[in-house]
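Visitor: I have a structure open and some questions about it. Can we go through it together?
Guide: Go ahead; here it is.

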Amino acid sequence: MTEMPNLYLPEMATIIETVQETPTIKTFRLVLNNEQRMKDFHFEPGQVGQLSVFGTGEATFVINSPPTRKEYLQFSVMRAGEVTARLHSLNSGDQVGVRAPLGNWFPYEDMKGKDIVFIGGGIGMAPLRTLMLFMLDNRADYGNITLLYGARSPVDMAFQYELPEWLGREDLKTTLTIDNPAQGWEHRVGLIPNVLLEMEPSAKNSVAITCGPPIMIKFTLQALKKLGYKDEQIITTLEKRMKCGVGICGRCNIGTKYVCVDGPVFSYAQLKELPNEL
Ligand SMILES: Cc1cc2nc3c(=O)[nH]c(=O)nc-3n(C[C@H](O)[C@H](O)[C@H](O)COP(=O)(O)OP(=O)(O)OC[C@H]3O[C@@H](n4cnc5c(N)ncnc54)[C@H](O)[C@@H]3O)c2cc1C
Ligand code: FES
């Protein structure tokens, strides 16, 4: 991991492109202004960054472009409150502050040779996108790769410009679902955990990686258990509010763990050992 010059000092970055993914999610592609830093910038799939809008504050987002594609760093931001609303008002050419990379990452080395099942809901597809594209760029290292991606309705589905490619790939089995029927929708209809149960991905030599709203995670975990996945075979990411991002302020703790340095990636086996504060 490349050392940051100063953990507390945001590096200046320029937004080079934006994509309005859904009515509430906007993607930002940005480059660090320091060309050498951008060239040397190293991160692992699953790591996050703090984006700051000066005068407003900072918020945490996963770097959702994979480390294997380095022309820019991509962050997808769902509008939630003050910082995210200000971020949504920015466009190409605007400046933001970046503190990254922060946190741990998906244990992709341990997953080599295994079948991988990605289960993403809404903006939860962001961290999965990083790891999935990273694995597709290192395809020979992994077994079957399955993606189940769900959103409330077709317009709430992010990364639409990539979906035809994902659906068309022979080395990726993609299933898309929405909660309720919608005109023109040609894919599955149904809640993610139910569709997952129908798909019945085998638990044998597999790892399931899931990310999405808490209610989706709760029922997805139950579905995975029904399908025979053991706690160690299930990986997820947590979203506790963060401030410093580097284990100093104590704002993001769950019991003795800090999400910012011990996470955001945890196995279900690890989560079970934490106090029930989620
Ligand atoms: C590890 C990690 C990765 C993340 N990755 C992404 C990402 O890729 N894309 C993305 O859009 N968001 C992501 N988030 C969530 C994002 O950081 C928050 O939504 C953001 O901080 C909101 O900032 P704000 O100032 O706009 O909202 P605020 O004005 O601070 O809050 C608005 C409302 O949302 C609630 N809220 C805000 N953040 C959270 C949270 N994390 N958990 C529960 N409630 C919250 C507040 O309580 C308040 O009610 C991530 C969070 C973490 C911790
Ligand atoms: S955000 Fe400060 S300790 Fe985690």
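**Ligand, rings and charges**

Guide: This is a predicted model. By class, the shell around ligand 1 holds 12 nonpolar, four polar and four charged residues.

Visitor: Which residues come nearest to ligand 1?
Guide: Of the 20 residues around ligand 1, the nearest are T60, S76, M78, T84 and R241.

Visitor: And which elements supply at least two residues of that shell?
Guide: β4 (57-62), β5 (73-78) and α2 (82-88) each do. β4 gives the most, with four residues.

Visitor: What about a nitrogen atom of the ligand?
Guide: A nitrogen atom of ligand 1 is 3.1 Å from a polar backbone atom of E239.

Visitor: How much of ligand 1 does the protein bury?
Guide: The protein buries 70% of the 900 Å² that ligand 1 exposes when taken alone.

Visitor: Switching to rings. How many aromatic pairs are there?
Guide: A search of the whole structure finds three. In one of them, F41 and F43 are tilted, 5.8 Å centre to centre with 45° between the planes.

Visitor: Is F43 buried or exposed?
Guide: F43 counts as buried because its relative accessible area, 1%, is under 20%. F41, at 2%, is buried as well.

Visitor: Now charges. How many salt bridges does the search find?
Guide: It finds 13 across the whole structure. In one, the side chains of D171 and R139 meet at 3.6 Å, N to O. That pair links distant parts of the chain, 32 residues apart: D171 is in the loop between α4 (163-168) and β9 (173-178), and R139 is in the loop between α3 (125-137) and β8 (145-151).

Visitor: Which residues are linked with those two in a network?
Guide: R139 and D171 are in a salt-bridge network with E165 and R169.

Visitor: What does D231 pair with?
Guide: D231 forms a salt bridge with K225, the closest N and O atoms being 2.5 Å apart, and another with K272 at 3.1 Å. K272 is in helix α8 (residues 268-272), 41 residues from D231.

Conventions:
Residues numbered from 1 in each chain as written. Chains lettered and ligands numbered in written order. Predicted model: local features only at pLDDT ≥ 70, side-chain atom pairs only at ≥ 80, totals over all residues. Heavy atoms only, no water. Near = heavy atom within 4 Å. Polar contact = N/O pair within 3.5 Å; in protein donor to acceptor, adjacent residues only side chain to side chain. Areas by Shrake-Rupley, 256 points an atom, 1.4 Å probe, with all protein chains shown as cover. Nonpolar A, V, L, I, M, F, W, Y, C, P; charged D, E, K, R; others polar. Phe/Tyr/Trp six-rings, centres within 6.5 Å; stacked < 30°, edge-to-face > 60°. Buried < 20%, exposed > 50% of the residue type's maximum accessible area, 1.4 Å probe, protein only. Salt bridge = Lys/Arg side-chain N within 4 Å of Asp/Glu carboxyl O.
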